[in-house]
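Trainee: I've got a model open and I'd like to learn how to read it. Can you walk me through it?

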Amino acid sequence: MYSVAVLDDDVRQAEAIAAAVAASSCADRLEPVRVYGVDGIDELVSPDNRVDILLADIKLGEDREDVVSLVRRHFPPGCGTQVVYVTGYADEYHTRVYQTEHVYFITKPVSQDDLDAALEKACSKLREHLERPIVVTFDRTTYQILPSKISYVESVLRKVRIVMDDRTIEVYAKLKDIKALLPSSFLQCHKSYLVNMSRIARIKKDSLQLVDGTEIPVSQKYRTEARVRLVHYARSLV
């Protein structure tokens, strides 16, 4: 399941876009939409906030930074977030959007057909991201790792342990940096753990049991989000 965020300073238009997302042909692959106004930008761009698809109005007000600059700074190429620009000022901004990586450009009023096409392309790009190997280096050796082969990632002091089917690789890195490389099928359930949701067999009160029997702790901070994301992930497989 992919997370979707709408950024718009007009609440009514943001809610209309959110409703159109819920009615789209991609709805079964998407989590409930989160809507952000200008007061929620800090939360939107927080490193702890996972955004797979961002539907962003380019112009947020005369005294606000334009969204092209915001995307350039917070959602750079390779971050995994698929950006869809939405605007009523096509002539003014259609050139500037190419300063950033994005998958679609929609003009207001947003039609369902245009939104469906944008979401289909974004989901396709996210599938490509899922299948793309991540690259890590340790002790002068560079490894290419398919995310699908990873069971979980654990942070231990200054190192990160990447646990796979047939081996474990340790690298000097921060967990948040490895998280940024991985697709949305990875769940952070603890400050020190990322888990591949496809490897989870059981959800317990304070832990997750993987298919190989490994127990991964779930901290109180991440418990609610973990359960919600796991439920939506399971529904997407039906």
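This is a predicted model: local features need pLDDT of at least 70, side-chain atom pairs count only at pLDDT 80 or more; totals for chains, interfaces and linings use all residues.

Trainee: Fine. In what order do the five strands of the open sheet run?

Mentor: Read a sheet by who sits beside whom. Here the order is S10-S9-S8-S12-S11, with antiparallel pairing. Strands S10 (168-172) and S11 (186-190) are the edges, each pairing on one side only. From one strand to the next, the twist averages 20 degrees.

Trainee: How many bridges join S8 and S9?

Mentor: Six, linking residues 150-156 of S8 with residues 159-164 of S9. For one of the pairs, look at Glu-154, whose bridge partner in S9 is Arg-161.

Trainee: Now Thr-81: buried or exposed?

Mentor: Compare the relative accessibility with the cut-off: buried means under 20%. Thr-81 has 11%, so it counts as buried. You'll find Thr-81 in the loop between helix H3 (67-74) and strand S4 (82-87).

Trainee: What does the side chain of Thr-81 reach?

Mentor: The backbone oxygen of Val-51, at 2.7 Å. Further along the chain, Thr-81 also has contacts with Asp-52, Leu-54 and Phe-75.

Trainee: And which residues touch the most other members of the largest nonpolar core?

Mentor: Among its 21 residues, those are Val-21, Leu-30, Ile-53, Leu-55, Leu-115 and Leu-119. Helix H5 (112-131) gives the most to this core, six residues. Leu-119 touches Val-21, Ser-24, Cys-26, Leu-30 and Ile-53, leaving out residues up to four places away in sequence. There's also a second, separate core of 19 residues, including Val-83 and Tyr-85.

Conventions
Residues are numbered from 1 along each chain as its sequence is written. Side-chain values use heavy atoms; hydrogens and water are left out. Two strands pair if DSSP finds at least two bridges between them. Helices (H or I, at least four residues) and strands (E, at least two) are DSSP runs, numbered from the N terminus. Axes are lines fitted to C-alpha atoms, for helices over the stretch in contact, and angles run from 0 to 180 degrees between N-to-C directions. Buried means under 20% relative accessible area, exposed over 50%, partly exposed in between (1.4 Å probe, protein chains only). A polar contact is a pair of N or O atoms within 3.5 Å; within protein, one must be able to donate a hydrogen and the other to accept it, and residues adjacent in sequence count only if both atoms are side-chain atoms. Contact means heavy atoms within 4.5 Å. A nonpolar core is a set of buried Ala, Val, Leu, Ile, Met, Phe, Trp, Tyr and Cys residues joined through side-chain atoms within 4.5 Å.
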